[in-house]
Amino acid sequence: MQKNGVFPTILALTVLLSLLPSGLAASVEIPGAILDTGSEDLFWNAENWGALYADIDNNESWTERFYYENDADSNNGPLGIGNEATIDDGELTYSTAPYTKQYKVMSKRGVVVDEDGSYTLLPWLGEKYVAVNGDATTITKLLLEQGSDDVQTLKAGETWDLEAGYSLECKQVDVDGNKVWLALLKDGEELDSEILNTDTEEDSEERAFVATSDFADQEDAVYFVTYADKVFQSATDSVVRLKYTWIIDKDEIQTIDTDFTLGEFECTVAESDEIVLENSNSISLNIDDITYITDELYICISDVDIAGDGNFYIYPAKEATSPGTYEVRGTIVEAADGISWDASSWGSFYFDIDNYESWTERFYYENAADSNSGPIGVDNEYTIDDGELTYSTAPYAKQYKAMSKRGVVVDEDGSYTLLPWIGEKYVAINGDATTITKLLLEQGSDDIQTLKAGETWDLGAGYTLECKQVDVDGNKVWLALQKDGEELETAILNADTEEDSEERAFVATADFADQEDAVYFVTYVDKVFQSATDSVVKLKYTWLIDKEEVLTIDTDFTLGEFECTVAESDEIVLENSNAISLEVDDVTYLTDDLYFTSSDVDIAGAGKYYIYPAKAVSIEAEEEDGEELSADDIEETESTEVAEESTEIGPLPRGTDESETADENTVTEKGEAENAEKSPGFGILTGLLGICLLAASSKKK
C-alpha cells in the first residue's frame with residue numbers, strides 16, 4: 001500500500017515523535033463493536049468486527065457471522081441481564097459461507113484461467129481460504145493474492161518466496177523477444193515452468209502462467225497463477241514485472257465435518273455452502289476480564305452497569321501475536337454527509353469497558369454547508385474539504401489503583417487525569433489536556449510483579465526499579481527508583497501494616513511541567529515472603545509517567561493531515577488543514593498509521609458507497625526473553641520456588657485496566673540475585689538508610 005503523498009511532514013520536533021504512538025506492539029487486539037447486552041441477541045459480522053474478512057467492494061464477501069442468541073429453554077436468562085454471565089451450550093455461533101470470486105488476471109485483464117475464470121473463496125476466522133471445487137468442507141489456505149495495483153519485479157536468477165515452501169524463479173529474461181522463463185518450485189523442487197510472452201494482447205493466455213495438479217480428488221485443478229505485465233531493461237539487468245499472482249497450498253487440504261472442533265466450538269453444520277460452529281458446553285464469562293473461546297478469539301464483558309439500564313457492555317476480540325502488520329478497522333458504514341466513530345465502533349481508540357466516561361475519543365466527518373464538494377461517497381464524490389474531518393479527545397479523572405483497590409492516599413484526592421490520545425493512554429498533567437505525558441506503566445488490578453533482593457525491574461523509557469534488600473522477618477523491603485542508571489528516589493516499605501497504610505506505598509514526586517512535588521511514580525508492597533532460596537517482594541498497582549518527556553499541545557500542533565484547532569484544558573480538537581482526495585478502492589493515509597478505505601462500487605445502493613477508517617499496527621519479531629509465569633503460578637510458601645521472572649497477566653482486554661500490561665514492562669529482568677547477599681533483617685542498615693533517604697530527597701527533579 002502506498003501512502004498518499006500530499007500531506008505535510010508529520011511532526012517537526014523529535015520530542016513530539018517520541019511521544020506519539022509508534023504503531024509497534026507485542027500483540028494486537030482486533031476488537032468488535034461494543035454492544036449493550038440489553039438484548040437476547042448479540043451480533044457481529046465484517047461490518048462491525050474487523051477480525052472478520054471483508055472485501056469493501058463486494059458485500060457478498062461479508063459471510064462470516066459471530067452471534068449469541070439466548071435459548072428460551074436454557075437454564076439461564078439472557079446474557080448480561082441481571083448479572084447473568086453464562087452462555088449455555090449452543091447459544092454462541094460462528095458461521096461462514098463461500099462465495100465466487102474472479103481471478104484478478106481475469107477481472108483486470110480478461111485472461112481465461114479455467115472454464116469460468118473464477119474460484120470459490122471461503123472467509124474462515126478472518127483469513128482467506130479457498131473452497132476446493134466450490135465445497136466449503138474441503139478448504140486450503142490462500143497463500144498469496146496480489147492486490148490490483150501490486151507489482152513484483154524479478155531479475156534473471158532471482159527467486160520470489162511465495163510462502164509454505166513455494167517459490168517462483170525467474171530463470172531467464174529475453175528483452176528483445178519480450179519473453180520470460182519462469183519456474184514454480186516447492187521446497188526447492190521444480191513443479192512446473194512456463195515461457196511467457198508480453199508482446200501480445202493484454203488478454204492473451206501467452207502472458208499467464210497457470211499451474212495445475214491433481215489434488216483433493218480433482219484432476220488438473222488450478223493452484224497457481226501469475227501474469228507477465230512487462231519485460232524491460234533496467235540500468236544493469238533484464239527485468240520482468242509480474243501482477244495478479246495467486247497461489248493456494250495444494251499439499252495442505254483441510255476437511256471440515258461434524259467431528260471438527262475448535263476451542264469451545266464444535267461443528268454442527270458442514271455443507272458445501274455453509275459451515276456452522278456452536279459452543280458444545282456452557283461458558284462462564286470472566287467478568288471484567290477475558291474469556292477465551294479459541295486460542296485467538298475471546299469475549300470481554302463489563303462488571304459495571306454503566307448503561308444505567310441493568311445491562312452491561314460486551315465485545316469479542318481476536319488477539320494477533322505473530323509478526324506482521326495488522327489492520328484495526330472501524331465499523332464499515334455507508335458514506336453520507338455526516339459519519340462518526342468512537343471507541344465503541346473503532347477498536348483503535350482507548351476505552352475502559354467499565355467506565356463510559358473514558359470513551360472520549362471521536363473521529364467524524366461532516367460535510368460543510370458551504371463546501372466546494374458534496375458529501376463524500378455520494379454521486380462519485382471523494383473529496384473531503386478542509387475542516388470537514390475531525391479528531392477530538394477529552395480528559396477524565398481516574399483513581400490510582402493503590403487508592404481504588406487498597407485505599408492508600410497517594411495525593412490530595414487519590415486520582416490523576418487520563419487523556420486518551422490516538423488510542424494510547426496519556427496523563428494530563430494537573431488536569432490540563434494541553435500538557436501531557438505518556439503513561440508508561442499501569443499494572444492491572446490482578447497483576448503482580450515479584451522481585452528478589454538485587455533484582456531490577458525495567459519500567460520503560462529508561463526507568464527501573466531496584467529491589468535493594470528484603471527483610472522477611474520485619475516484612476520490609478528497600479526499593480530504589482532509577483532513570484538511566486541514576487538513582488532518583490528510594491523508600492523502605494512495610495508489608496506488616498494495614499492494607500491502606502501509606503507505609504506500603506512508594507510514591508515518588510518531582511518538580512516538572514511547572515508543578516511542585518507532582519506524583520510521577522507509585523507502587524504498593526502486597527507481601528514480603530521467603531521462597532525456597534530467596535527473599536521476595538510482591539508488588540502491585542504500579543503506575544509511572546514519563547516526567548522527562550512532556551508534550552505541549554497548542555494550535556501550532558500538526559499531525560499528518562491534521563492541525564490543532566482547539567487546545568483547551570478540557571478538550572483537544574484536530575481538523576484536516578487541507579482538502580483530502582480519497583483514493584478510491586485503496587487506502588488514503590491521514591497520518592503515518594491512520595487511513596481511510598473507500599469502495600468504488602455502489603454496493604450500498606442509491607448511489608452510496610462504503611467507507612471505514614483503520615489503524616495499521618505492526619508486531620516485530622523479538623528475541624525470546626525467557627520463561628514467563630502468571631501470578632497464579634506463584635505460591636507464597638516457605639517451600640515454593642519462585643520464578644525468576646513474572647509475566648504479563650493475560651492477553652489484554654482493550655482499554656481495561658489491564659491493557660498497559662501488554663508490553664515488555666511487565667517482565668522482570670534477571671538480576672544477579674543468586675550472588676546477592678541475603679539478610680534476615682536490615683539491622684544497623686536501617687539507620688544508614690534514613691541518611692540515604694534524606695540524601696535522595698535532594699535529588700528530586
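In what order do the strands of the open sheet of six strands stand? The legends below take up this question and a few related views.

**View 1. The open sheet of six strands.** The order is β3-β4-β6-β22-β21-β20, with antiparallel pairing, where strands are DSSP runs (E, at least two residues) numbered from the N terminus and two strands pair if DSSP finds at least two bridges between them. This is a predicted model, in which local features need pLDDT of at least 70 and side-chain atom pairs count only at pLDDT 80 or more, while totals for chains, interfaces and linings use all residues. Residues are numbered from 1 along each chain as its sequence is written, and side-chain values use heavy atoms, with hydrogens and water left out. At the edges stand β3 (41–45) and β20 (261–262), each pairing on one side only.

**View 2. Strands β6 and β22.** Strand β6 (residues 92–96) runs antiparallel to strand β22 (residues 274–279), and four bridges join them. Tyr94 stands opposite Leu277 in β22.

**View 3. Surroundings of Leu92.** Leaving aside neighbours within four places in sequence, Leu92 is in contact (heavy atoms within 4.5 Å) with residues including Phe66, Tyr68, Phe265, Leu277 and Ile299.

**View 4. The open sheet of four strands.** The strands follow the order β38-β39-β40-β41, and their pairing is antiparallel. Because β38 (456–460) and β41 (486–494) each have a single partner strand, one side of each is left without a neighbour in the sheet.

**View 5. Strands β39 and β40.** Strand β39 (residues 463–471) pairs with strand β40 (residues 476–483) over eight bridges in the antiparallel sense, and Gln469 stands opposite Trp478 in β40.
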